[in-house]
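Please keep the sequence and the model in view while reading.

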Amino acid sequence: MAFRLSNSLLGILNAVTFLLSVPVLGGGIWLATRADGTECERYFSAPVIAFGVFLLLVSLAGLVGACCRVNCLLWFYLVAMFVLIVVLFCFTVFAFVVTNKGAGEAVSGRGYKEYRLGDYSNWLQKRMENSKNWNRIRSCLQDSKVCKKLQDKNWDRIQFFKADLSPLESGCCKPPSSCNFLYVSGTNWTKVPTNSSDPDCNTWVDDGTQLCYNCQSCKAGAVATLKRDWKRVAVVCIVFLVFIVIVYSLGCCAFRNNRRDNRGAYRGAAWKGGYA
């Protein structure tokens, strides 16, 4: 009996996915076990390992189910793929809804923008206001030395004010412009008496290990970065969803082919048995 085209395509796609899952799983294990890894890397290793295991098991089920005509494995594969489609669709919609609100504010005479936590969605605000979440994020930011670029720059005052800073650099590495502190270097500012009502003016510490990591502006910078990244991920998810739906359709065809072939083989065996 000729091998079905849908089974062949599904087998090839799952063989490629199986090979791709190995480095994903290996990368997650490496992040979790490296001796000099940061807390942030160890934190992200768990979802990477989980995703790698999921890809490994599902692709293996699809490969064996399609090529060896094992219906139970192909059924498991289709259920897992359906769940993945639903999860990806829900996440994509959620990401667009949550990141729809909020943007940086232009500051007169500055090349960078400044960010306020209250401008973003309530869901993101609550995540950042949670002390446990923020302590973990702040540790990641400090470990990644997000302000090191500004510390290494020998900009004068005019060069700094014209610089296009990232949301994290603007929110975490310098005091808000409303504080009117005196510029010394990228992360070194002299505090002066101010009439600003911004609480970040008192939170700022002229210490390379603290700076404005506890400021509301730093939380807003983290949210702005998360918003940008989630929108990019959501666009990728849309493309991936189209691909997954096509693969799922191939899986349904392969499952139908297996049932048809198995039914034909059973009838053939019964017919031969009747004339034995």
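How many salt bridges does the count come to? The count comes to five salt bridges. The model is a predicted one, and the protein chain has 276 residues, of which 37% count as buried. The structure also holds four disulfides.

**Fold and annotated spans**

- The secondary structure of the protein chain comes to ten helices and four strands.
- Along the sequence, these elements follow the pattern α-α-α-β-β-α-α-α-α-α-β-β-α-α.
- According to the unreviewed UniProt entry, the annotation "transmembrane region" covers residues 12-32, 44-67, 74-98 and 233-255.
- Residues 12-32 are 100% helix and 0% strand, with 31 Å between the end C-alpha atoms.
- The span of residues 233-255 is likewise 100% helix and 0% strand, and its end C-alpha atoms lie 31 Å apart.

**Disulfides and other cysteines**

- Counted along the chain, the bonded cysteines pair in the pattern 1-3, 2-8, 4-5, 6-7.
- C147 is joined to C173 by a disulfide with an S to S distance of 1.9 Å. This pair links distant parts of the chain, 26 residues apart: C147 is in the loop between α5 (131-143) and α6 (148-152), and C173 is in the loop between α8 (167-172) and β3 (182-185).
- The link of C147 and C173 is left-handed, with -90° about the S-S bond. C147 counts as buried because its relative accessibility is 2%, and C173 is buried with a relative accessible area of 0%.
- A disulfide is also formed by C179 and C201, whose sulfur atoms are 2.0 Å apart.
- C179 counts as buried at 0% relative accessibility, and C201 is buried with a relative accessible area of 3%.
- The sulfur atoms of C212 and C215 are 1.8 Å apart and form a disulfide. Its torsion about the S-S bond is about -85°, so the disulfide of C212 and C215 is left-handed. Both C212 and C215 are buried.
- C67 is partly exposed, with a relative accessible area of 36%.
- C140 counts as buried, at 11% relative accessibility.

**Nonpolar core and surface patch**

- The largest nonpolar core has 37 residues, and those with the most contacts inside it are L141, V146, F160, C172, W189 and Y213.
- Two or more residues of this core come from each of α3, α4 (122-129), α5, α7 (157-162), α8 and α10 (216-274). The most are given by α10, with seven residues.
- On the surface, W75, V79, F82, V83, V86 and V87 form a nonpolar patch with about 560 Å² of accessible area together.
- V87, one of these patch residues, is in helix α3 (residues 71-98). V87 counts as partly exposed because its relative accessibility is 49%.

- Side chains of opposite charge can pair when their charged atoms come close.
- R116 and E105 meet in a salt bridge through their side chains, at 3.3 Å from N to O. The two residues are eleven apart and link distant parts of the chain, with R116 in the loop between β2 (113-114) and α4, and E105 in strand β1 (residues 105-106).
- R116 counts as partly exposed at 42% relative accessibility, as does E105 at 33%.
- A salt bridge also joins E114 and K174, with the closest N and O atoms 2.6 Å apart.
- Are E114 and K174 buried or exposed? Both E114 and K174 are buried.
- In the salt bridge of D152 with K148, the closest N and O atoms are 3.3 Å apart. About one helical turn separates D152 and K148, because they are four residues apart in helix α6.
- D152 counts as partly exposed at 48% relative accessibility, and K148 counts as partly exposed at 41%.

Conventions. Residues numbered from 1 in each chain as written. Predicted model: local features only at pLDDT ≥ 70, side-chain atom pairs only at ≥ 80, totals over all residues. Heavy atoms only, no water. UniProt positions renumbered as here; feature names shortened; annotations may be inferred. Disulfide = S-S within 2.5 Å. Buried < 20%, exposed > 50% of the residue type's maximum accessible area, 1.4 Å probe, protein only. Patch = residues over 30% accessible without salt bridge, like charges linked within 9 Å, V, L, I, M, F, W, Y side chains within 5 Å. Areas by Shrake-Rupley, 256 points an atom, 1.4 Å probe, with all protein chains shown as cover. Salt bridge = Lys/Arg side-chain N within 4 Å of Asp/Glu carboxyl O. Core = buried A, V, L, I, M, F, W, Y, C linked by side-chain atoms within 4.5 Å.
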